[in-house]
Amino acid sequence: MKHLLSLALLAACSTLPVAAQSASDSLGLSCATEVFSLPHRPFMHKIVASSPEVQLSVKGLPKGLRWNAQRRLIEGTAPAAGSYSYSLIVSSGKEQRTIPAQLTVSKSLGLARPFMGWISWNVVEGNISASIVRQVADAMTTQGLSAAGYRYLIIDDLWHAPQRAADGATQPDPKKFPEGMKPVVDYVHGRGLKFGIYSDAAERTCAGAYGSLGYEQQDARTYAQWGVDLLKYDYCFAPKDAATAEERYRTMGTALREAGGILLYMCEWGARKPWLWGARTGASAWRATYDTRDCWVGKPGGIGVTQSIEDMKGLWPYSGVNRFNDADMMCVGIHGTGKSSNDLCATGPGMTQDEYTTQFALWCMWSSPLLLSFDLTKPIRPEDKHLITNADLIALDQDELGQQAELVLEDQGIIYFMKDLANGDVAISATNLKDSEQTAHFDFTRFSALQPKVRYRVRDCVEQRSLPAVQGQLSQTIRPHATLVYRLSRLARR
Ligand code: GLA
């Protein structure tokens, strides 16, 4: 199929380097400089220099925020609604450079927390229809998914009629959506859910339907009339350069805002480093990888869980409230029954429950949007239900500080992450990338958010049970491809 071919071509160049503003710029930054917060809420902005040798300082912080020089981050409570700027000062010897940062504080941010929901592509592809949407909306509510936080029901590609209407208006395929789109969106809203739709910033979508290029305002107005809440905006058949992408996404971002505030979710697969410019287009989240596959290891170009880890691990300085790096729809629950998600797999298709748990746990550590993509018209396996409704893990994903977990170290095939949380707790994780059981050693001197002399209460977020308090370190065996996640809460200093 044409879209599969284009995906294979796209996927062929999927290795994402850790972004730097410019390799030759030793006084540069490798972190976000446009950041967001709700008013009067806990806020954190980690500052990462392109070169580790330089000094960093900050000037002009609004009241309530302070510079933590040791950890190189800004923290505190965000001010009242408004637009604030502060200066990030990078210096080395006598050389100094001042880089402005922009903080937008607003009650009506697109996304205060990463969205959670279901998206049609992996198992449904072109068979999307009003009937499937209704069944999924019912399942999301009756199966307790909406109560767990999954609120968005997103239809992906191929919902469109063969052509636009005579006046250029976009319209659904009459065979798939015989009553039109509005009654379907109303049904979804009636279930207390939000509705997302899909288009592409070119003449055609990835699977060959018509795109929105040149029709941005008209499409945004139509989506608004239907009651659409979110647009996933793809980038097949569009030029390679980042400048054109930024312009096309901004055009749609502006149209969506003017049409009443539909959320823009960018999907250019991380190919043009959208974490550097996506926030300027009005987008609140962007895909950071090519399409996930239902496997632990993808073939070259395929994104198994191990490739997601490679692509996501260095992007943490670019994530935050209203600027989330998206690791793509999860394959949890698919068990090899998907369509294109079965392609390009070196293992599987399908994963062990430990591997699915790793995927879910890391997406939560990374504050990625959480999109399920398995068939909700069939009963959910109990072990999948248990995993996708794990409130301890979901709380990490939805934490209001919006921090993507920081890469701490990779040692003997175990990768360790650390996530700062709004109430001062810290989540730490270890993923065993090896095929044999190992022991993970969390040495707190390596985790900058932890203090070796402090005792911490421990919550095992995967097993959902409390463990004895610890100080200085924590060790635990870890099954092949499994992930440990602990939430640590400070107890009194001894
Ligand atoms: C691209 C996107 C996928 C999906 C398909 C639909 O490949 O990355 O997530 O939307 O297009 O054609």
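What volume does the largest pocket have? The legends below concern a predicted model, in which local features need pLDDT of at least 70, side-chain atom pairs count only at pLDDT 80 or more, and totals for chains, interfaces and linings use all residues. Residues are numbered from 1 along each chain as its sequence is written, and side-chain values use heavy atoms, with hydrogens and water left out.

View A. The largest pocket has a volume of about 620 Å³, a volume being the space filled by probe spheres set on grid points that are joined across faces, edges and corners. A pocket is an open set of points on a 1 Å grid over the protein atoms alone, where a 1.4 Å probe fits, with protein on both sides within 12 Å along at least five of seven lines, and lining residues have an atom within 4 Å of a point. Of the 27 lining residues, Arg-71, Glu-75, Asp-420, Gly-424 and Ala-449 are the closest to the centre of this pocket.

**View B. Strands in the lining of the largest pocket.** Two or more lining residues come from each of β2 (42-46), β4 (65-68) and β5 (73-77), strands being DSSP runs of E with at least two residues, numbered from the N terminus. The most are given by β2, with three residues.

View C. Ser-367 counts as buried because its relative accessibility is 0%, where buried means under 20% relative accessible area with a 1.4 Å probe and protein chains only. Contact, meaning heavy atoms within 4.5 Å, links Ser-367 to residues including Pro-114, Phe-324 and Lys-419.

Key
Helix = DSSP H or I, 4+ residues; strand = E, 2+ residues; numbered from the N terminus. Buried < 20%, exposed > 50% of the residue type's maximum accessible area, 1.4 Å probe, protein only. Lists of a residue's contacts leave out its neighbours within four places in sequence.
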